[in-house]
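Hi,

Here is the model I promised to pass on.

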Amino acid sequence: MKTLIQGGRLIDPAGNLDQIADLWLQDDAIISGESLSSEDADRVVDARGCVVMAGGIDIHTHIGGGKLSIARLLMQDRIDDDARATARAAAQSDYLPSAAIAARRYLEMGYTVALEPAVIPCNARAAHAEMADMPDLTTGGFCLLGNDELLMSLVAASAPQAEINDYVAWMVRATQSIAVKAVNPGGISAFKFGRRELDVDTPHPHYGVTPAQIIRRLARAVHEIGLVHPLHIHTSNLGVPGNIRSTIATIEAADGLPIHLTHAQFHCYGDESQYGMSSAADQLAAAMAQHPNVTIDVGQVMFGQTVTISADEPHQYDNRRHASPRKTAIVDIECEAGCGVVPFRYRRRQFVHALQWAIGLELFLMIDDPSRVFLTTDHPNGAPFTAYPHLLRLLGDRSFRETALAEIHTDAAAASSLGGLSRQYTLHDIATMTRSAPAAIMGLSRHGRLTPGAIADVSVYETQDDLETMFRTPRHVFASGRHVIDGGTYAPWGAPSTATNRPPHNTVTADVPHDPQSVQRFRNAYNASSTFDLNRLRISDDEMQSVLHSHPIKQAMRERVQ
């Protein structure tokens with residue numbers, strides 16, 4: 001089927017497009033329309049007065065895995081109360097929606113790809129199974145390493161880099177992941193040995209290795225095996241005043257190798273002011289200017305009720321005293337990582353919460369290059385992802401931002417430099433930050449663009465001065481060519497909608513090679529501390545499709561470093 005999206009303003013930084021033009025789709029791909037006329041179209045979509053962008057891509061959102069199940073169990077009474085008060089199903093929770101509801105909400109904002117950044121290897125099947133219940137939303141996962149027994153032992157033994165590379169490559173392939181994530185490297189493991197904090201250069205109480213060593217070896221492994229996305233790092237000392245020093249130390253530990261700092265707002269605090277906390281956004285922006293190997297996503301805090309979920313078990317343990325409502329879950333998971341669930345309500349009149357809100361916006365506005373700073377709320381930690389349209393208005397409308405600044409805690413507003421930042425995001429900036437740049441940093445060569453050959457993920461927004469309204473309700477959304485939002489109305493699985501035409505779910509994965517002979521060596525070491533065999537971690541392509549009901553789409557790799 002050929003679809004003509006007619007007369008819209010095409011904004012595509014990857015294709016260097018910003019012009020009024022027609023866009024042609026055929027089945028699941030964008031095609032050239034040079035030799036076509038409107039009579040050739042099976043369907044015509046009127047996009048006059050609209051902005052046409054590629055589908056949005058969220059590179060860091062917690063949408064699948066056991067941590068969500070733990071959070072739902074912990075919050076079940078609150079979720080049920082909210083459901084009764086709003087006459088909605090529990091699955092429609094604002095901050096812990098079901099997988100299918102989360103997919104619908106992403107599509108209703110014009111997003112077509114969402115990536116889960118914390119897939120624990122022993123729980124990878126459950127994570128992929130949950131994400132497979134997200135029709136029309138392409139998903140992917142990051143393999144969580146950096147605190148597992150085997151990697152810690154390899155680093156402690158000064159194993160050859162090639163051996164660590166093979167272990168990382170096997171784990172990524174086995175878990176059907178697209179990238180590698182390290183959470184508080186070494187610190188979660190240290191917590192199991194009684195150490196509450198582990199700074200970047202502090203030796204592990206048992207293995208003797210430092211987080212800096214783990215970061216260096218993992219960043220090198222990710223780079224050398226050919227993964228496109230750099231090592232995705234949740235740095236030490238989450239949420240601790242003064243943690244900007246740890247963040248800068250993490251950048252330096254990478255030795256110039258590409259790294260990505262996730263939810264950087266939570267790692268961007270000074271320890272000045274009468275409250276013992278201050279913004280260090282200017283320091284991180286300056287460090288990024290000096291280190292072009294670094295990218296970040298923000299993890300923006302927005303005001304309201306949410307629940308924080310993190311593998312950073314020691315810092316969630318510390319945060320339990322701030323829980324609202326007052327209950328938490330702290331869980332150990334094999335010897336791979338941990339999990340902490342702490343409900344949280346961010347209040348605009350509370351100094352720390354207000355300053356966190358301001359710091360996130362400072363990062364967005366101080367970092368000049370929108371291809372190096374990515375739109376995230378670390379869903380649901382800083383806020384549900386449905387806050388993105390409101391956040392885009394804050395970034396693109398200075399007067400609206402100044403009004404919001406005047407409503408927060410007065411000391412937090414005074415401590416922030418936000419009022420002096422005049423920058424306003426343009427539509428080109430927004431398309432870069434949410435489309436072309438995420439596709440590039442993840443190696444999704446057929447996403448995030450409107451050029452022929454790209455996947456037909458397309459969003460059509462009615463041009464409006466109010467960016468929040470514009471980006472909250474697209475007029476049309478196509479996901480792999482299926483017309484899932486038609487005239488602002490959700491049409492599940494395309495039109496016409498029936499339960500029998502549900503499309504196959506797609507999972508983007510990295511087709512990373514490894515030495516098969518190394519697996520047996522790893523197996524013996526892994527099995528010494530695990531409750532099940534290493535080979536049981538492996539999810540084959542056939543299992544992905546026939547059991548987990550998702551089709552693995554292998555992404556191209558960078559050239560492997562020898």
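Below are my notes on one helix pair and a few salt bridges.

Keep in mind that this is a predicted model.

Let's start with the helices. The axes of helix 12 (residues 351–366) and helix 13 (residues 388–396) come within 10 Å, with a crossing angle of roughly 60°. That makes the two helices oblique to each other, and their crossing is right-handed. On the helix 12 side the contact is made by Trp357, Leu361, Phe364 and Leu365, which meet Leu391, Leu394 and Leu395 of helix 13. By type, the contact residues come out as 7 nonpolar, no polar and no charged.

Now the salt bridges: the whole structure has 23 of them. One of them pairs Asp136 with Arg482, with the closest N and O atoms 2.6 Å apart. Asp136 sits in the loop between helix 4 and strand 8 and Arg482 in strand 21, so the pair ties together parts 346 residues apart in sequence. Asp136 is buried at 8% relative accessible area, while Arg482 is partly exposed at 22%.

Another joins Asp511 to Arg173, at 3.5 Å between the closest N and O atoms. Here the loop between strand 23 and helix 18 is tied to helix 6, 338 residues away in sequence. Asp511 is partly exposed at 36% relative accessibility, and Arg173 is partly exposed at 32%.

Last, Asp332 in strand 16 and Lys192 in helix 7 are 140 residues apart, yet they form a salt bridge with closest N and O atoms at 2.7 Å. Shared partners put Lys192, Glu313 and Asp332 into one network.

Cheers

Terms used. Residues numbered from 1 in each chain as written. Predicted model: local features only at pLDDT ≥ 70, side-chain atom pairs only at ≥ 80, totals over all residues. Heavy atoms only, no water. Axes fitted to C-alpha atoms, helices over the stretch in contact; angles between N-to-C directions. Helix = DSSP H or I, 4+ residues; strand = E, 2+ residues; numbered from the N terminus. Parallel < 35°, antiparallel > 145°, perpendicular 65-115°, else oblique. Left-handed = near helix turned anticlockwise from the far one by under 90°. Contact = heavy atoms within 4.5 Å. Nonpolar A, V, L, I, M, F, W, Y, C, P; charged D, E, K, R; others polar. Salt bridge = Lys/Arg side-chain N within 4 Å of Asp/Glu carboxyl O. Buried < 20%, exposed > 50% of the residue type's maximum accessible area, 1.4 Å probe, protein only.
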